[in-house]
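Welcome, and thanks for taking a look at this one with us.

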Amino acid sequence: MHITIYGKPGCLYCEKSINLASKLFDLCHNVDYEYKVMSEFDKHYLNVKYRLKITRVPQIIIDGQYIGGYLEFDQYIRKLYDCDINQLSSELSRSDFSAEF
C-alpha cells in the first residue's frame with residue numbers, strides 16, 4: 001500500500017495523517033508513505049484527476065485512490081484493518097511513533 005499525503009507545514013491534521021501513516025509503516029511491512037507540501041500544481045493536478053474542488057489539507061491518496069482528509073483516512077484504515085490503529089500500535093509496541101517533518 002502506498003500512501004501519499006499532501007499537506008502544508010503547521011497543519012495539525014497533516015501531522016496527524018503523517019503519524020498515522022508512520023504507525024502503519026512500522027506495523028505493516030507492505031506499507032510505504034510520502035508527504036508532499038501541497039503546491040499550486042499539485043492542487044490543480046488533484047482537482048483535475050479526481051474531479052475535486054480542494055480547499056483544505058491534508059489530501060490523502062492510497063494506491064491511486066482518493067481517500068479525503070485525515071478523518072476519512074482514519075476511517076479507511078479502521079475499516080481496512082478492522083481496528084483502531086492507535087490502540088493496536090500501543091499494544092504491539094510501547095515505542096513513540098512521532099513523525100518529524
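## Confidence first

Where pLDDT is low, the predicted coordinates should not be read in detail. The protein chain as a whole averages a pLDDT of 85, and 81% of the residues score at least 70.

Please keep in mind that this is a predicted model, where local features need pLDDT of at least 70, side-chain atom pairs count only at pLDDT 80 or more, and totals for chains, interfaces and linings use all residues. Residues are numbered from 1 along each chain as its sequence is written, and side-chain values use heavy atoms, with hydrogens and water left out.

## Strands and a crossover

Helices (H or I, at least four residues) and strands (E, at least two) are DSSP runs, numbered from the N terminus. Strand 1 (residues 2-7) has 5 of its 6 residues buried, so it is largely enclosed by the rest of the structure. Here buried means under 20% relative accessible area, exposed means over 50%, and partly exposed lies in between (1.4 Å probe, protein chains only).

Two strands pair if DSSP finds at least two bridges between them. Strand 1 runs parallel to strand 2, joined by 6 bridges, and histidine 2 stands opposite aspartate 32 in strand 2. From strand 1 the chain passes through helix 1 to strand 2 in a right-handed β-α-β crossover, that is, with the strands pointing away from the viewer, the path from the first strand over the helix to the second runs clockwise. Strand 3 (residues 59-62) pairs with strand 1 in the antiparallel sense over 4 bridges; there, glutamine 59 is the bridge partner of tyrosine 6.

## Helix 1 and tyrosine 33

The buried residues of helix 1 (residues 12-27) include Ile18, Ala21 and Ser22. Tyrosine 33 is partly exposed, at 28% relative accessible area.

## The salt bridge

The structure holds 1 salt bridge, defined as a side-chain nitrogen of Lys or Arg within 4 Å of a carboxyl oxygen of Asp or Glu. Arginine 78 and aspartate 74 form it, with their closest N and O atoms 2.7 Å apart. The two are 4 residues apart in helix 3 (residues 70-81), so about one helical turn separates them. Arginine 78 is partly exposed at 36%, whereas aspartate 74 is buried at 11%.

Methods: pLDDT = per-residue confidence, 0-100. Expected span 1.5 Å × (residues − 1).
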